[in-house]
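Here is a short briefing for a first look at this structure. Keep the model open while you read.

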Amino acid sequence: MSPSTEIAAGHEADAGETEAVTKNLVFTAAERLFALHGFQNVSVRDITAAAGVNLASVNYHFGSKDALLFDIFKRRTAELNRERAKMLHEANDRNEGAPPVREILAALLTPPLRWLAPDHERRISLQFLIRARSEGTDEIRTVLKTDVSHLRRFSDALLKARPDLSAEDVYWRLHFTLGMLHNNRFAEFDRLNVLSEGQTSEADVVALLERMLSFAEAGFAA
C-alpha cells in the first residue's frame, strides 16, 4: 500500500469513528430526554443540543425523529429480551429442561426489575420503554401489539410446567403477570407510596422482585 493510500484509509477510518461517536451521542441524549420528558415534548433541536452535535445529525444518522425513537425501542427491547432468554436457558439447564413456575417467572421478571434499580446503568432505558408503551409511535405500537416472539418461550415453558391447567388458563395467567409488570410505572410507585403513607418503596428492588414473584407464582398455583 502506498503512503497516499495509507493516509486516505486512515482518514476514512477516522471519519467512520467520528460518525459512530456522533450517532451514539444522539442515541444516548435522545433516550434520556424521551424518558424524562416524553416523546412529544422533545424536539430534534433539543436532542442535538443535549448531544452537542449538528442539528442535521438526527436525520443523517437515523432518518427522522420517529425512526430514532424506533431504533432506541428496538435496541433496548432486544437487549432486555436477551437477558430474559439467557435466564430461562439457565433455568432449563438447572432443571433438565423442565424448570418450575417460579424460575420461569423469575427469568421473565428479573431483568426489567434489575434495570429499575436506582444505580443500574439501564434505569433510564427502562423509563424509556415504559413511556414507549403509552406514548410510542404507530410503528412501536404495532410491534407491541403483534410481536410475541419473545413471550412464546415463556408461554411454552409455563404450559410444560403446568400441564394440569388448560392452555387458555396459562395464557390468561401469563397476561395478568405481564399486567403486573407493566403497571410498575414510576408514577404508580409514587401513588402507592401515598396510599401506604410511606410504607412502600421501590428502591429495594430485591424485595420488590420477591413480592412480585410470590404474587405471580400464587396465580399459577391457584
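At 71% relative accessibility, Glu 197 counts as exposed. Glu 197 sits in the loop between α10 and α11. Its backbone stands out too: phi of Glu 197 is near 55°, a positive value in a residue other than glycine. Bear in mind that this is a predicted model.

**The chain as a whole**

- The protein chain has 11 helices and 0 strands.
- Read from the N terminus, its elements run α-α-α-α-α-α-α-α-α-α-α.
- The C-alpha trace spans about 70 × 50 × 30 Å along its principal axes.
- The protein chain has 222 residues, and 39% of them count as buried.
- Take the contacts between residues at least 6 apart in sequence: 71% of these join residues at least 24 apart.

**How helices pack**

Two packed helices are described by the angle between their axes and the distance between the axes. Two pairs are worth a look here.

- *α4 with α7.* The axes of α4 and α7 come within 9 Å and cross at roughly 30°. Angles under 35 degrees count as roughly parallel, so α4 and α7 are roughly parallel to each other.
- On the α4 side, the contact is made by Leu 69, Phe 70 and Phe 73. On the α7 side, Glu 139, Ile 140, Val 143 and Leu 144 take part.
- By class, this contact of α4 with α7 has 6 nonpolar, no polar and 1 charged residues.
- *α5 with α6.* The axes of α5 and α6 come within 7 Å and cross at roughly 115°. Angles of 65 to 115 degrees count as roughly perpendicular, so α5 is roughly perpendicular to α6.
- Pro 112, Trp 115 and Leu 116 are the α5 residues in this contact. They meet Arg 123, Ser 125, Leu 126 and Leu 129 of α6.
- By class, the contact of α5 with α6 has 5 nonpolar, 1 polar and 1 charged residues.

**The largest pocket**

- The largest pocket has a volume of about 960 Å³.
- It is lined by 33 residues. The closest to its centre are Arg 84, Arg 133, Leu 144, His 150 and His 182.
- Which helices supply at least two residues each of this lining? They are α4 (65-94), α5 (101-116), α6 (123-135), α7 (138-146), α8 (149-161) and α9 (167-182).
- The largest share of the lining, 8 residues, comes from α4.
- Sorted by class, the lining has 18 nonpolar, 9 polar and 6 charged residues.

- Helices α10 (186-195) and α11 (205-221) each supply at least two lining residues.
- The largest share, 5 residues, comes from α10.
- By class, the lining of the second largest pocket has 6 nonpolar, 5 polar and 4 charged residues.

- Glu 96 has a positive phi of about 55°, although it is not a glycine.
- Where is Glu 96 placed? Glu 96 is in the loop between α4 and α5.
- Is Glu 96 buried or exposed? Its relative accessible area is 79%, and exposed means over 50%, so Glu 96 is exposed.

**A buried threonine**

- Thr 177 is found in helix α9.
- Its relative accessibility is 4%, and buried means under 20%, so Thr 177 counts as buried.
- What does Thr 177 touch, leaving aside residues up to four places away in sequence? It touches Leu 105, Leu 108, Leu 109, Ala 216 and Phe 220.

Key
Residues are numbered from 1 along each chain as its sequence is written. This is a predicted model: local features need pLDDT of at least 70, side-chain atom pairs count only at pLDDT 80 or more; totals for chains, interfaces and linings use all residues. Side-chain values use heavy atoms; hydrogens and water are left out. On a 1 Å grid over the protein atoms alone, a cavity is a set of points where a 1.4 Å probe fits but cannot get out, and a pocket is an open set with protein on both sides within 12 Å along at least five of seven lines; lining residues have an atom within 4 Å of a point. Grid points are joined across faces, edges and corners, and a volume is the space filled by probe spheres set on the points. Helices (H or I, at least four residues) and strands (E, at least two) are DSSP runs, numbered from the N terminus. Ala, Val, Leu, Ile, Met, Phe, Trp, Tyr, Cys and Pro count as nonpolar, Asp, Glu, Lys and Arg as charged, and the others, Gly among them, as polar. Axes are lines fitted to C-alpha atoms, for helices over the stretch in contact, and angles run from 0 to 180 degrees between N-to-C directions. Angles under 35 degrees count as roughly parallel, over 145 as roughly antiparallel, 65 to 115 as roughly perpendicular and the rest as oblique. Contact means heavy atoms within 4.5 Å. Buried means under 20% relative accessible area, exposed over 50%, partly exposed in between (1.4 Å probe, protein chains only).
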